[in-house]
Amino acid sequence: EEVLRAIRLTPPDMPIDLVVHTPGGLVLSSEQIAMALRRHRGKVTIFVPHYAMSGGTLLCLAADEVAMDENAVLGPVDPRIGNYPAASILRVPRLKPPEEIDDTTFIMVDIAAKAQNQMREFVTALLRDRMGAEGADHIARLLTEGAWTHDYPITFEQARDLGLPVTSGLPAGVYR
C-alpha cells in the first residue's frame, strides 16, 4: 500500500527511481505495483543491486529501464500452486492416463492452467508496447511456462539477450 501510494503521489511526469532487492512475494501486490509503474508517465528506472526474483522481476518488466549490477539476477515469474510449480502440475495429464489421476490433482491442474495463462497474459501486456506482440509473447512464455526452475538466476547478459531494457552498472549511492 505504501509503494502504491508513493507512486500515486508522484507527479505524473516526474521520474521514479526504485531500488528492488527481493526474493519475490505475493503475485497480487507485485502485479498492482507493476501496473502502477507501467501507468506512470514519467520514466521509471529500477536498480537491482543483487536480485529481483519472481515478483521483483515483474516490477522490472514494468520499468522503462533496469539498471543491474553485473552480478545481479532476475528470475522467472512462473506461478506456483502451493509448493508446486504450475508447469509441473500441468505435465501430469500428459504423463498419466485420466483414470490414474485423483480428483485433487485434476483440480490442481485446472488451477495451474488458469494461473499460468493469467501470468503469461499479464507479462505480455507489460511488454507488448515495447517489443510488439510476438516478442512479448515469446518472453512471457519463457518466463511463465517452466523453462527454468523458479529460483533460476537470469543474468544481466541473459536479460539483455532476451531484449529486456537492462543496462549494467549502478550509481554508488545504491550500494550505500
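Analyst: The discussion below goes from the whole chain to one residue. This is a predicted model, in which local features need pLDDT of at least 70, side-chain atom pairs count only at pLDDT 80 or more, and totals for chains, interfaces and linings use all residues. Residues are numbered from 1 along each chain as its sequence is written, and side-chain values use heavy atoms, with hydrogens and water left out.

User: How many helices and strands does the chain have?

Analyst: Helices (H or I, at least four residues) and strands (E, at least two) are DSSP runs, numbered from the N terminus. The chain has eight helices and nine strands. Its radius of gyration, taken over C-alpha atoms, is 17 Å, close to the 16 Å that the globule rule (2.2 Å times the number of residues to the power 0.38) gives for 176 residues, so the chain is as compact as a globular protein of that length.

User: What share of the residues is buried?

Analyst: Buried means under 20% relative accessible area, with a 1.4 Å probe and protein chains only. Here, buried residues make up 42% of the 176 residues.

User: Is Thr45 buried or exposed, and which residues does Thr45 contact?

Analyst: Exposed would require over 50% relative accessible area, and partly exposed lies in between. Thr45, in strand S2 (residues 44-48), counts as buried because its relative accessibility is 7%. Contact means heavy atoms within 4.5 Å. Leaving aside neighbours within four places in sequence, Thr45 contacts Ile16, Asp17, Leu18 and Glu65.
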